[in-house]
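Have the model open as you read.

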Amino acid sequence: MVWFVIPIVIAYLLGSVSFSFLAGKLLKGIDIRNHGSGNAGATNTMRVLGVGPGIAVLLLDAMKGIIAVLLGRWLGDGGALLLVLCGVAAIVGHNWPVYFGFRGGKGIATTIGVMLTLAPLPAVFAGIVCILAIAATRYVSLGSLLFTALLPIFVWFMHFPVEVFCFSLVVFAFAWFRHRSNIIRLVQGNENRLGSRKNNSG
């Protein structure tokens, strides 16, 4: 039982490392959650700190997801259930980080890392649609929502383990819940675009 719990706990602690928060403190001495959209994520980092830091945070947050899943292989039995739970733990940590008062981001970058490790092709295909949507509309939130909505479809039709499919459904529900204010703004036509002066999609 211990071998099952330990990697999940470590994955949560890893996910709780907020690179957006750290970048704000190191580069400008600010709490990034008090600036821009108030979200500790890559998009808000890009808007507040610049493109370079934003990309760095995106990659580091995705890496958290990758390492979290690999922990299930290194420290556990490598079974699909454990890998999925480690991925969930990392995303929960990113959204509610124990080190930063449980105020984190929305978990999309970390989700990308988790899914790239669990189901590479579905993640790539959904990612392509996400990128095209963002390029066409400059709505990061729309791309994120499409990414999570398409994951279960691709995972199902590519016959990945049922644990991974269930995880993709959880990710979908989780992301759409976290983006509920963005969804309202998208429907109302008030959502801010990437590169605009104020962005609430981060």
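1. Before we start: contact here means heavy atoms within 4.5 Å. Keep in mind, too, that this is a predicted model.

2. Let's begin with helix α2, residues 19-28. Its buried residues are S20, F21, A23 and G24. They span an arc of only 160° around the axis, so they sit on the same side of α2. What lies over them? The cover for the buried residues of α2 includes α3 (42-49) and α4 (51-74).

3. Look just past the end of that helix as well. G29 follows α2, and its phi is positive, near 65°.

4. Next, pick out F4, which belongs to helix α1 (residues 2-15). Which residues does F4 touch, once its neighbours within four places in sequence are set aside? They are L81, L82 and L85. Take L82: F4 and L82 are 78 residues apart in sequence, yet their C-alpha atoms are 6.9 Å apart in space.

5. Now for a helix pair. In general, two packed helices are described by the angle between their axes and the distance between the axes. For α6 (residues 108-118) and α9 (residues 162-178), the axes come within 12 Å and cross at roughly 170°. Angles over 145 degrees count as roughly antiparallel, so α6 is roughly antiparallel to α9.

6. As for who meets whom there, α6 brings I108, T111, V114, M115 and L118, while α9 brings V164, F167, V171 and A175. Sorted by class, this contact of α6 with α9 has eight nonpolar residues, one polar and no charged ones.

Terms used. Residues are numbered from 1 along each chain as its sequence is written. This is a predicted model: local features need pLDDT of at least 70, side-chain atom pairs count only at pLDDT 80 or more; totals for chains, interfaces and linings use all residues. Side-chain values use heavy atoms; hydrogens and water are left out. Axes are lines fitted to C-alpha atoms, for helices over the stretch in contact, and angles run from 0 to 180 degrees between N-to-C directions. Helices (H or I, at least four residues) and strands (E, at least two) are DSSP runs, numbered from the N terminus. Angles under 35 degrees count as roughly parallel, over 145 as roughly antiparallel, 65 to 115 as roughly perpendicular and the rest as oblique. Ala, Val, Leu, Ile, Met, Phe, Trp, Tyr, Cys and Pro count as nonpolar, Asp, Glu, Lys and Arg as charged, and the others, Gly among them, as polar. Buried means under 20% relative accessible area, exposed over 50%, partly exposed in between (1.4 Å probe, protein chains only). The arc is that of the directions from the helix axis to the C-beta atoms.
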